[in-house]
Amino acid sequence: MVMMRVKEKLLSWKNYLVEKYHQVMDLPDAPHKIAHGVALGTALDFFPIPLISIPVAYLLARCLRVSAVAAALSAAFFKWAVPFFYALNYLVGSTVTGDSLAVGAGAGGSLSTLKQMGYPFFIGAAIDAALAWILIYFLVRRILEVRRAIKHS
């Protein structure tokens, strides 16, 4: 009984992923515009702009003249990964700045502790977002080009 529920959940998750994949890949825009949109939406999820990153991604993509729909969809899709992105931000930022992530023994953090954690976090967020943008842009663009070449042949 439990295994059936797990299998059903995995199948529904897989169907959701496939649906979102096709939704983005079937957008009627140039591959570079869609790839930039996906990269932008994903990169924005590395920054602490919860929920509003979706409309921000859409508006920023419109300003940059890339696929706004792809940007909004990817920003919405990767919300599940935000805790992992934030942890990666702290890890990368503290490695680059040399600041430790240790947060004191007290239950509530002081303002100076929050400032210490903020600086490495934002440095890490900038680095991670830039690397994610580059990696995702080239990966999505290549997938789109291959996919469209196969469809037209």
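Visitor: How many salt bridges does the count come to?

Guide: Two, by the rule used here. Bear in mind that this is a predicted model.

Visitor: What makes D45 and K79 a salt bridge?

Guide: The cut-off is a Lys or Arg side-chain nitrogen within 4 Å of a carboxyl oxygen of Asp or Glu. The side chains of D45 and K79 meet at 2.6 Å, N to O, so the pair qualifies. It also links distant parts of the chain: D45 sits in the loop between α2 (31-44) and α3 (53-64), K79 in the loop between α4 (68-77) and α5, and the two are 34 residues apart.

Visitor: Is D45 buried or exposed, and how do you know?

Guide: Buried means under 20% relative accessible area, and D45 has 1%, so buried is the word.

Visitor: And why is K79 called partly exposed?

Guide: The label covers what falls between the buried limit of 20% and the exposed limit of 50%. K79 has 23% relative accessibility, so it counts as partly exposed.

Visitor: What makes E145 and R141 a salt bridge?

Guide: Their side chains meet at 3.0 Å, N to O, and the limit is 4 Å, so this pair passes too. Both residues lie in helix α6 (residues 111-152), four residues apart, which is about one turn of the helix. E145, at 32% relative accessibility, counts as partly exposed, and R141 gets that label at 29%.

Visitor: What lets side chains like these pair up at all?

Guide: Opposite charges can pair when the charged atoms come close.

Visitor: Why is α2 called largely enclosed?

Guide: Because 11 of its 14 residues are buried, the rest of the structure largely encloses α2. Among those buried residues are P31, I34, G37, L40 and L44.

Visitor: What makes α4 "mostly covered"?

Guide: Seven of its 10 residues are buried. They are A68, A70, A71, A72, S74, A75 and F77. The cover over them includes α1, α2 and α3.

Visitor: How about α5? Why is N89 called buried?

Guide: N89 is found in helix α5 (residues 82-97). Its relative accessible area is 0%, which is under the 20% limit, so N89 is buried. Leaving aside residues up to four places away in sequence, N89 touches F46, P120, F121, G124, A125 and D128.

Visitor: Which residues make the nonpolar surface patch?

Guide: W13, Y16, L17, W80 and F84 make a patch of about 530 Å². Helix α1 (residues 2-25) gives the largest share, three residues. L17 is in helix α1, and its relative accessible area of 30% falls between 20% and 50%, so L17 is called partly exposed.

Visitor: How do you know which residues go with the name "transmembrane region"?

Guide: That comes from a record: an unreviewed UniProt entry lists residues 34-61, 68-88 and 119-140. In the model, residues 34-61 are 71% helix and 0% strand, with end C-alpha atoms 10 Å apart. Residues 68-88 are 81% helix and 0% strand, and their end C-alpha atoms lie 26 Å apart.

Visitor: Stepping back, what is the secondary structure of the chain?

Guide: Six helices and zero strands, so the pattern along the sequence reads α-α-α-α-α-α. Buried residues make up 32% of the 153 in the chain. Of the contacts with a separation of 6 or more, 75% are between residues 24 or more positions apart.

Visitor: And what share of the accessible surface belongs to carbon and sulfur atoms?

Guide: 71% of about 9,700 Å².

Notes
Residues are numbered from 1 along each chain as its sequence is written. This is a predicted model: local features need pLDDT of at least 70, side-chain atom pairs count only at pLDDT 80 or more; totals for chains, interfaces and linings use all residues. Side-chain values use heavy atoms; hydrogens and water are left out. Buried means under 20% relative accessible area, exposed over 50%, partly exposed in between (1.4 Å probe, protein chains only). Contact means heavy atoms within 4.5 Å. Accessible areas come from the Shrake-Rupley method with a 1.4 Å probe; for residues, only the protein chains shown count as cover. Patches are made of residues with over 30% relative accessible area and no salt bridge: like charges are joined within 9 Å, nonpolar side chains (Val, Leu, Ile, Met, Phe, Trp, Tyr) within 5 Å. UniProt positions are given in the numbering used here, feature names are shortened, and annotations may be inferred rather than shown by experiment.
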